[in-house]
Amino acid sequence: MLSQQNLTELFAKQRTWQDRYRQLVILAKQLPDFPDKQKTEQNQVNGCENRVWLSYHKQADNTYIFSGDSEGRIVKGLLAILIIIANHKTAQEIAAIDFQSLLSQLKISDELSQSRLQGLAKLIERIKSVA
């Protein structure tokens with residue numbers, strides 16, 4: 001997976017929404033496989049346009065590793081971005097992240113439908129709930 005810095009540089013090169021859309025699809029494909037046994041009701045994020053699952057693991061150094069999946073390519077790409085931003089951070093660091101600002105910098109949130117924005121807010125809320 002990319003680092004947050006690589007992600008910022010990658011999206012800065014994308015000139016149009018179509019380019020960013022393609023990049024979201026590529027990121028979705030790069031998201032590690034999410035085992036079917038983890039696609040449980042407990043891991044499901046309600047309020048998203050597509051079914052989305054998100055789980056996390058707290059490491060010995062008190063940082064978190066997130067993993068997830070979605071039935072939709074764009075939503076899965078958005079999930080990949082959120083995971084890249086939140087991975088390897090402590091609960092305090094995650095709580096301090098301004099996800100909306102970062103997504104605006106990537107020029108992603110401007111083009112999303114209202115229902116996708118609501119789903120994205122639910123994903124962010126779930127990630128921040130570990131803090």
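Predicted model: local features only at pLDDT ≥ 70, side-chain atom pairs only at ≥ 80, totals over all residues.

You will find H88 in the loop between helix 3 and strand 3 (89-90).

Leaving aside residues up to four places away in sequence, H88 touches Q59, T63, Y64, I65 and E93. For a sense of distance, look across to Q44: Q44 and H88 are 44 residues apart in sequence, and their C-alpha atoms lie 22 Å apart in space.

## The largest nonpolar core

The largest nonpolar core has 38 residues, and F66 and I81 are the ones that touch the most other members. At least two core residues come from each of several elements, including helix 1 (4-12), strand 1 (52-58), strand 2 (63-70) and helix 6 (114-128). Helix 3 gives the largest share of this core, with 11 residues.

Not counting residues up to four places away in sequence, F66 touches L54, S55, Y56, I83, A86, N87, I94, I127 and V130.

## Helix 2

Helix 2 has 14 residues and spans 20 Å from its first C-alpha to its last, close to the 20 Å expected at 1.5 Å a residue.

Which residues of helix 2 are buried? They are W17, R20, Q23, L24, V25, L27 and A28. These buried residues of helix 2 pack against helix 1 and helix 3.

Methods. Residues numbered from 1 in each chain as written. Heavy atoms only, no water. Core = buried A, V, L, I, M, F, W, Y, C linked by side-chain atoms within 4.5 Å. Buried < 20%, exposed > 50% of the residue type's maximum accessible area, 1.4 Å probe, protein only. Helix = DSSP H or I, 4+ residues; strand = E, 2+ residues; numbered from the N terminus. Contact = heavy atoms within 4.5 Å. Expected span 1.5 Å × (residues − 1).
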